[in-house]
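This report examines a single protein chain through its salt bridges, its disulfide, its helices and its nonpolar cores. The sequence and structure are shown first.

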Amino acid sequence: MKAATALPALALCPSLAWSTAGALVRRVRPGDAGWPSAAAWQQLQQRVEGRLLKLDAPFAACAASVDTTASAPACGAALATLKNTFAIGDQPALTQTSGWLDAWSSQPSAYAVVARTTADVVAAVNFAREHHLRLVVKGGGHSYQGTSDAADSLLVWTRQMNAAILQDAFVAQGSGAAPQPAVTLGAGAMWIDAYDAVTTRGGRYVQGGGCTTVGVAGLVQSGGFSNFSKAYGTAAAGLLEAEVVTADGQVRIANASSNPELFWALKGGGGGSVGVVTRLTLRTRELPEHFGAVFFSVKAASDQAYRALIAQTMAFYAGALFKPQWGEQIGFNTDNKMDVSMVFQGLNQQQAEEAWAPFLAWLRERPEYTLDKPFRALALPARQFWNVAFFKQHAPGFMVADERPGAPAHHGVWKGDAAEAGWFIHGYQSAWLPASLLSADGQAQLVEALFRSTRHWRVGLHFNKGLAGAPAADIAAARDTAMNPDVLDAFALAIIAGGDGARYPGMPEAKQDAVAQVLRGRERAASIGRAMGELRKAAPKAGSYVSESDYFIKDWQRAFWGTNYERLARAKRQYDPHGLFFVRHGVGSEAWSEDGFTRKG
């Protein structure tokens, strides 16, 4: 009898979930006959040593009260969480993005396994497979596409698997390669954890993400860009080894020698499609003497002057900045204003100022341009670039520390990223712009497309998110990843996006003037679409970055992975033949309904 009660609940109603061929047809939801019993959930609770949580709507207290402050402290506390991206990430029922207009809204899973060990992940994966559950994996929770949450699902929450261990002489298992410096990171580590260990304390560099609260594992699986990708390539290309729990509940080591197709699929094939990563080892690099940044904005007095400004800017970039030392972005706005927020590495402040001197001289000679914000170059010791304490003392305002009691001292986020906590997306589109547009023959077409695009919405050119101009070795390493090969020959990723403040379900703000907000959001989304339409006239076949792309994109397989998609699909069939792991617009997702609960056909 004791053995019988321990059997999984799939025997309750197997015909609802499986076809005669053994392929999963439909996943179960709460209330379905096949939903796990209380006894089954208790068994999982025991297997994970008490780390199974039943999740509730984060703002239920707000829905029950009009007053969100004194008379409803629980609601006030929930709303206060939204001011801090670290606090949002510490809540298993929240995501860093609150939703996307007419697409998705942040909804908590039914249950979450608070994974601290690989064994916890194995238990969750086995339970989901045996009980036909929708499984979701979340580390940082930054997915714009809503892939790190789903209602009625079981969440594997890796946030507490956040160890960071430096290794002076790492050799991948089964590999005959020479030892090399590396860092091993738990799947729940954020990039600020990695930079603190590798750079602030270790004096080296690891290629990671620009936003410090983004999860390491998710970014690597998407490809991954940092401020300095033009010099160091992608995060995925720096992956040396990963520990992965696959759909059969097995723990596999994936590297160039062991499970090589699984390893390749993890390098840019999109998170959550082929397994749950529990640990990653990334190569580290020598640290340059300086990292730094340049800031200013310039206003043109007329449309004609603005078009000329765009032309001069792109010619200047092609001639002086199209090299590994420079990254980040230039934004072209609808009000004929251009803002520059670029970073550099390996240069001191004087060298950075000298690099920009010809462009500034060109501006000074022309009265139709006004510096809306003065030119400023800032260089600092590279080892201090992610050191919150250093910024507090020497450059206050650049980083925002997590001031909660007990928060790790190294936790900080760039001020601009902090402002996006919980944001709600109206539209978000991206396109890799080929380097041919920087040629003498291509610049006129690029300039006209950029100008026409700005008549509808702001265009940001993220130069660090295109690898053209990077060192040959880093381009070659990125070629051996699953990312769309378009990135290899792109000088920049163009991003056209817009959104609003947090709008989680149940928030008081989410209920106010809802009709007007929806109409306004749709107008903004339409403008973003028109802007990208103009830009794509210069690059009609350009791919999109999977992590920063349009939710409604049609040809997503080609846009995200290009010619690599067929190989990714084979790896998916090999390691997850029944489709346990589902991510909308992820590898193999075309076989499922939009919500991942019903197999098509």
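Is Arg 252 buried, partly exposed or exposed? In this predicted model, Arg 252 has a relative accessibility of 23% and therefore counts as partly exposed. The cut-off that decides the matter is 20%, since buried means a relative accessible area under that value.

## Salt bridges

The side chain of Arg 252 meets that of Asp 248 in a salt bridge, with an N to O distance of 2.5 Å. Asp 248 is likewise assigned to the partly exposed class, at 36% relative accessibility. In one of them, Glu 49 and Arg 51 form a salt bridge at 3.6 Å, N to O. Glu 49 has a relative accessible area of 63% and is exposed, whereas Arg 51, at 12%, is buried.

In the other, Arg 584 and Glu 594 form a salt bridge whose closest N and O atoms are 2.7 Å apart. Arg 584 is buried at 14% relative accessible area, and Glu 594 is exposed at 53%.

| Salt bridge | N to O distance |
|---|---|
| Glu 49 and Arg 51 | 3.6 Å |
| Asp 248 and Arg 252 | 2.5 Å |
| Arg 584 and Glu 594 | 2.7 Å |

The count of salt bridges comes to 29. Salt bridges also link Asp 90, Arg 159, Asp 402 and Arg 404 in a network.

How many disulfides does a search of the whole structure find? The search finds 1. This disulfide is formed by Cys 62 and Cys 75, whose sulfur atoms are 2.0 Å apart. Cys 62 belongs to helix 3 (residues 60-63) and Cys 75 to helix 4, so the link joins distant parts of the chain, 13 residues apart. The torsion about the S-S bond is about 100°, and the disulfide is therefore right-handed. Both cysteines are buried.

Helix 4 spans residues 73-81, and its buried residues are Cys 75, Ala 78, Leu 79 and Thr 81. These residues cover an arc of only 150° around the axis, which places them on the same side of helix 4. In general, an α-helix has 3.6 residues a turn, so residues three or four places apart point the same way.

Does the span of helix 11 agree or disagree with its number of residues? Helix 11 comprises 19 residues, 303-321, and at 1.5 Å a residue these should span 27 Å; the end C-alpha atoms are 25 Å apart, which agrees. The buried residues of helix 11 are Ala 305, Tyr 306, Leu 309, Ile 310, Thr 313, Met 314, Phe 316, Tyr 317 and Leu 321.

The largest nonpolar core contains 54 residues, and those with the most contacts inside it are Met 314, Trp 356, Leu 461 and Phe 491. Helix 11 gives the most to this core, contributing 8 residues. Setting aside neighbours within four places in sequence, Met 314 contacts Phe 332, Leu 438, Gln 443, Leu 446, Val 447, Leu 450, Leu 461, Phe 463 and Phe 491. Another core, of 50 residues, lies apart from the largest one and includes Val 220, Ala 242, Val 244 and Leu 282.

## Gln 384 and Phe 391

Gln 384 is placed in the loop between strand 17 (369-381) and helix 13 (388-394). Residues up to four places away in sequence not being counted, Gln 384 touches Phe 390 and Phe 391. Gln 384 and His 290 are 94 residues apart in sequence, and their C-alpha atoms are 9.2 Å apart in space.

Phe 391 is found in helix 13 and counts as buried, at 4% relative accessibility. Apart from neighbours within four places in sequence, the contacts of Phe 391 are Leu 380, Gln 384, Phe 385, Trp 386, Pro 396, Phe 398, Met 399 and Trp 414. Between Phe 391 and Gln 42 there are 349 residues of separation in sequence and 47 Å in space, C-alpha to C-alpha.

Note on methods:
Residues are numbered from 1 along each chain as its sequence is written. This is a predicted model: local features need pLDDT of at least 70, side-chain atom pairs count only at pLDDT 80 or more; totals for chains, interfaces and linings use all residues. Side-chain values use heavy atoms; hydrogens and water are left out. Helices (H or I, at least four residues) and strands (E, at least two) are DSSP runs, numbered from the N terminus. The expected span of a helix is 1.5 Å times one less than its number of residues. Buried means under 20% relative accessible area, exposed over 50%, partly exposed in between (1.4 Å probe, protein chains only). The arc is that of the directions from the helix axis to the C-beta atoms. A nonpolar core is a set of buried Ala, Val, Leu, Ile, Met, Phe, Trp, Tyr and Cys residues joined through side-chain atoms within 4.5 Å. Contact means heavy atoms within 4.5 Å. A disulfide is a pair of cysteine sulfur atoms within 2.5 Å. A salt bridge is a side-chain nitrogen of Lys or Arg within 4 Å of a carboxyl oxygen of Asp or Glu.
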